Amino acid sequence: MKKSVIVLLVMIVFTACKNEAKKIEDTDLKTENTIPENVKTAKQNDGLTLFSGQFVYFADAAVLQTKNDVYGVIINEKMHELDSMAKPFKVDPTDYVTVQLRGKIIPKPKDEEGWPYRIDIKEIESVKKYESKDNEVIKLSNTTE
């Protein structure tokens with residue numbers, strides 16, 4: 001009887017230590033992936049989101065296509081500033097430019113057409129020529145012979 005009590009006690013001690021070690025590891029992982037508020041930079045605390053993607057403005061429609069999503073862009077002074085910065089990189093008015101900007105994501109009003117979310121541009125980080133691969137671009141033209 002004494003042996004079974006000792007074996008049971010040893011098993012309880014080992015399982016308790018095992019669970020305790022897992023709890024410590026889980027809390028270490030959680031603290032590694034989050035940045036404490038006092039360590040964040042001013043740009044990380046301002047509520048703006050960094051976007052990188054292709055921008056086009058044509059016929060009163062501005063669009064930003066990122067790797068995962070497509071956003072409508074609110075037409076305001078910052079958008080016109082971005083468009084004027086993009087013009088030297090365009091051959092055709094419908095050409096994309098690669099941009100990096102910071103802004104706020106705003107849901108689209110229910111009574112309007114377009115993408116579910118819009119971007120209100122607050123800062124323009126960079127504007128570059130869009131490097132397309134020839135086999136990815138389809139150009140349509142109307143030629144008469």
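Let me begin with Thr66, which is found in strand E2; strands (E, at least two residues) and helices (H or I, at least four) are DSSP runs, numbered from the N terminus. This is a predicted model, where local features need pLDDT of at least 70, side-chain atom pairs count only at pLDDT 80 or more, and totals for chains, interfaces and linings use all residues. Residues are numbered from 1 along each chain as its sequence is written, and side-chain values use heavy atoms, with hydrogens and water left out.

Is Thr66 buried or exposed? Its relative accessibility is 15%, so Thr66 counts as buried; buried means under 20% relative accessible area, exposed over 50%, partly exposed in between, with a 1.4 Å probe and protein chains only. Leaving aside residues up to four places away in sequence, Thr66 touches Phe51, Ser52, Gly53 and Tyr71, where contact means heavy atoms within 4.5 Å.

Next, the helix. H3 covers residues 77–86, and its buried residues are Met79, Leu82, Asp83 and Ala86. Seen down the axis of H3, these fall within an arc of 100°, so they line one face of the helix; the arc is that of the directions from the helix axis to the C-beta atoms. An α-helix has 3.6 residues a turn, so residues three or four places apart point the same way.

What do the buried residues of H3 pack against? They pack against strands E1 (49–58), E2 (61–66), E3 (70–73), E4 (97–107) and E5 (117–129).
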